Structure formats: structure tokens, C-alpha cells
Amino acid sequence: MLVIRPICSADFAALKQIAIESGHGFTSLPDNDELLLSKISRAQKSFTESVTSPGQQSYLFVLEDTQSKDIIGVTGIEAAVGMSTPFYHYHVASHVHYSPRLGVKKVVETLNLCNDYTGASEVCTLFVREKYRRGFAGQLLSRVRYLFMANHPERFSDLVIAEMRGISDENGHSPFWAWLETNFFGIDFPTADYLVGIGDKSFIAELMPKHPVYVALLSPEAQNVIGKVHEKTAPALRLLQKEGFFHRGYVDLFDAGPTVEVALRNIRTVQQSRLATVVISDEHQLSQAKADEQNYMLCSTNVSQFRATITPEVKYHSDTNSLLLSANTAAELGLSDGSDVRFIKL
């Protein structure tokens with residue numbers, strides 16, 4: 001069975017391997033032992049804290065094959081971004097220049113440095129190891145975050161965002177950053193990406209142009225990638241769009257990848273999920289009760305012992321608002337008769 005759970009110290013080696021495999025542009029997981037250990041420690045603290053409003057919490061989950069014990073992927077949520085260090089974006093704005101005397105109208109775009117998403121919750125750090133990219137792994141890692149948020153809305157902002165990885169090649173060359181590097185920064189994209197990943201953002205304030213940048217002045221290669229996603233990130237973007245996320249003109253400072261947003265209450269999984277009561281059933285009773293092979297995503301409501309999975313071994317009874325589970329599924333999720341469980345039909 002594939003089960004989502006909070007990350008723990010024993011997952012360090014797997015997390016480091018994922019950081020290596022994710023490559024350039026995956027800013028939230030730089031290959032830095034100290035930072036990765038810090039991320040694990042911060043997540044462990046966040047899962048055990050008593051929280052009434054979003055703050056510095058960071059929730060990091062891993063997807064584990066319970067039979068092989070392999071860590072298949074990772075996913076995370078930042079409760080409130082930009083509260084301790086600036087959270088920069090460029091906002092792409094359009095300006096109309098018009099001369100009635102000459103009958104000339106020009107629409108020009110500018111990139112405006114901003115901190116508009118300060119305080120928003122961020123879904124982030126989603127990565128599925130390449131050899132496991134099949135079945136429901138990606139969907140489980142993506143949507144489980146919304147089940148967790150639906151269980152504990154007090155821990156998160158009303159606005160949820162996701163930063164999408166922009167265009168760069170296997171050597172870490174970003175067409176957008178190449179223009180900024182030449183004209184303002186003097187450091188290559190992997191270096192800038194790594195500095196941001198370890199939390200060193202001071203160079204942005206020191207070297208970033210303070211005034212709006214006219215898009216027309218950028219190289220054609222840089223202009224062409226603004227708001228576009230890396231090919232490996234396209235599936236993640238499609239999942240987000242299905243949940244209701246949309247792009248409102250904000251892009252990353254370094255690779256110009258889009259940032260998408262949605263109100264927490266409008267997330268599809270949040271809206272369609274529901275709480276039910278667990279009824280543990282033996283396999284024969286469950287097979288008799290099941291009317292189809294519908295897959296369900298379900299999770300416990302505990303914070304520190306959170307567990308989630310996808311399985312067809314479920315039957316929902318709307319008249320009693322109860323969810324029939326096998327003893328094995330219940331055990332893997334830490335559930336018992338009478339427990340609350342949140343679920344959504346896939």
C-alpha cells in the first residue's frame with residue numbers, strides 16, 4: 001500500500017536522494033545536508049505544535065510503499081510565506097500608451113518587483129521519483145495537502161498559492177535568468193537558485209533592479225519563457241488547475257515560472273471531501289457491500305500521526321455517513337471503529 005505520512009528523521013537519506021534527483025530549479029529542495037535536516041526538524045515541530053492561526057509552520061510529507069519501505073516522493077505546505085524573509089515575485093502588468101493626435105496606441109508590459117503574496121499559504125515541494133511515476137502517486141501527493149488543509153483550516157491562510165518551476169535546461173541554464181545575470185547579477189542560475197533555496201535572499205534586494213523592467217527590452221529568449229512551466233512540472237500544473245488554481249500574472253524572479261493561486265474554500269478537493277465515521281469490516285462483508293470499483297482517497301484527522309492513501313477497498317453509506325474499511329487499511333491509517341475519516345471519491 002502507498003501511504004502518505006509526516007516526514008521523520010529516518011527519511012533523511014531518501015530526502016537527500018530526492019533533492020539530488022529533482023535537479024536545478026527545484027528551489028525548495030537544494031542538495032544541502034544542513035538545510036535538509038533543518039527542513040525535517042521544522043516539519044516535525046510543526047506537526048506537534050498547537051496552532052490557532054498560520055505562522056512559521058512547515059508541513060512536509062513523504063509517500064511510502066509500506067511493503068518495500070521505499071520513499072516514492074515528497075510534498076509540502078508552508079503555512080504562511082514571507083513572514084521571516086521577503087517573498088519576492090515579479091508581477092506582469094500591461095500599460096497602454098496612447099496618442100490621440102497621432103492615432104498611435106501601444107500596449108507595453110512591465111515586470112514589477114513585489115511582495116504581494118506575503119502571508120499566503122503555499123503548496124510546494126511536490127516531487128515523485130521518476131521510476132515511480134505511475135498509478136496514483138502524483139495525484140495522492142498533490143491532493144493529500146488539500147485534505148490536510150480541509151481538516152485543519154485554522155492552520156492556513158484563506159489564500160493558497162503554488163510556484164511553478166520555469167524553463168531551464170539540464171545544465172541549469174535559464175533563458176530568463178541569463179538576461180538578468182548579464183545585466184544585473186553576475187551569477188549563474190544554479191548559484192542564484194541554490195542561494196534562495198538555503199534562505200539567502202539578501203542579494204535580491206542588493207542587486208535586483210528597483211524600477212519596473214520593460215518586457216520588450218528583454219532578449220527574445222527571455223520574453224518567450226515568461227509564465228511558462230518546465231516540461232517536468234506541466235503535470236503538476238494540470239493537477240493544480242483541476243483544483244481551481246489560476247495564474248494572475250505573478251512569475252518567479254529567476255526562471256519566470258508562473259505562480260498560481262486559489263482561495264482555500266474554493267479548492268475542489270476541499271469542497272468535495274467530507275468527514276465520515278469509520279466502520280471496520282471483514283473482507284467478505286466489504287466485498288458484499290461494494291457496488292463498484294470506485295477509488296477513494298482517504299485520510300485520518302490526526303495532525304502528528306496523519307496518514308492518507310488511495311484504495312478501492314472502501315464503501316460509503318450515505319444514510320449513516322459511515323465509511324466501511326478493511327482492517328488492514330484502517331491499521332495502515334491508524335484508524336479504528338468510530339474514528340473520523342476524511343475522504344473523497346476519485
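Buried means under 20% relative accessible area, exposed means over 50%, and partly exposed lies in between (1.4 Å probe, protein chains only). By that scale Arg 248 is partly exposed, because its relative accessibility is 43%. The model is predicted: local features need pLDDT of at least 70, side-chain atom pairs count only at pLDDT 80 or more, and totals for chains, interfaces and linings use all residues. Residues are numbered from 1 along each chain as its sequence is written, and side-chain values use heavy atoms, with hydrogens and water left out.

**Salt bridges**

- Side chains of opposite charge can pair when their charged atoms come close.
- A salt bridge here is a side-chain nitrogen of Lys or Arg within 4 Å of a carboxyl oxygen of Asp or Glu.
- The count by this rule is 9 salt bridges.
- Arg 248 pairs with Glu 261, with 3.0 Å between the closest N and O atoms.
- That pair links distant parts of the chain, 13 residues apart: Arg 248 sits in strand S9 (residues 246-251) and Glu 261 in strand S10 (residues 258-263).
- Helices (H or I, at least four residues) and strands (E, at least two) are DSSP runs, numbered from the N terminus.
- Glu 261 counts as buried because its relative accessible area is 6%.
- Salt bridges with shared partners join Arg 5, Asp 11 and Glu 64 into one network.
- Within it, Asp 11 and Arg 5 form a salt bridge at 2.8 Å, N to O.
- Both Asp 11 and Arg 5 are buried.
- Glu 243 and Arg 143 form another salt bridge, their closest N and O atoms 3.0 Å apart.
- This pair also links distant parts of the chain, 100 residues apart: Glu 243 is in helix H8 (residues 234-243), Arg 143 in helix H3 (residues 137-151).
- Glu 243 and Arg 143 are both buried.

**Ser 46**

- Ser 46 belongs to helix H2 (residues 33-48).
- Ser 46 is buried, because its relative accessibility is 2%.
- A polar atom of the Ser 46 side chain lies 2.9 Å from the backbone oxygen of Arg 42.
- Beyond its neighbours within four places in sequence, Ser 46 is in contact (heavy atoms within 4.5 Å) with Gln 57, Ser 58, Tyr 59 and Arg 155.

**Ala 13**

- Ala 13 is part of helix H1 (residues 12-22).
- Ala 13 is exposed, because its relative accessible area is 57%.
- Ala 13 and Ile 310 are 297 residues apart along the chain, and their C-alpha atoms are separated by 25 Å.

How values were computed
Polar contact = N/O pair within 3.5 Å; in protein donor to acceptor, adjacent residues only side chain to side chain.
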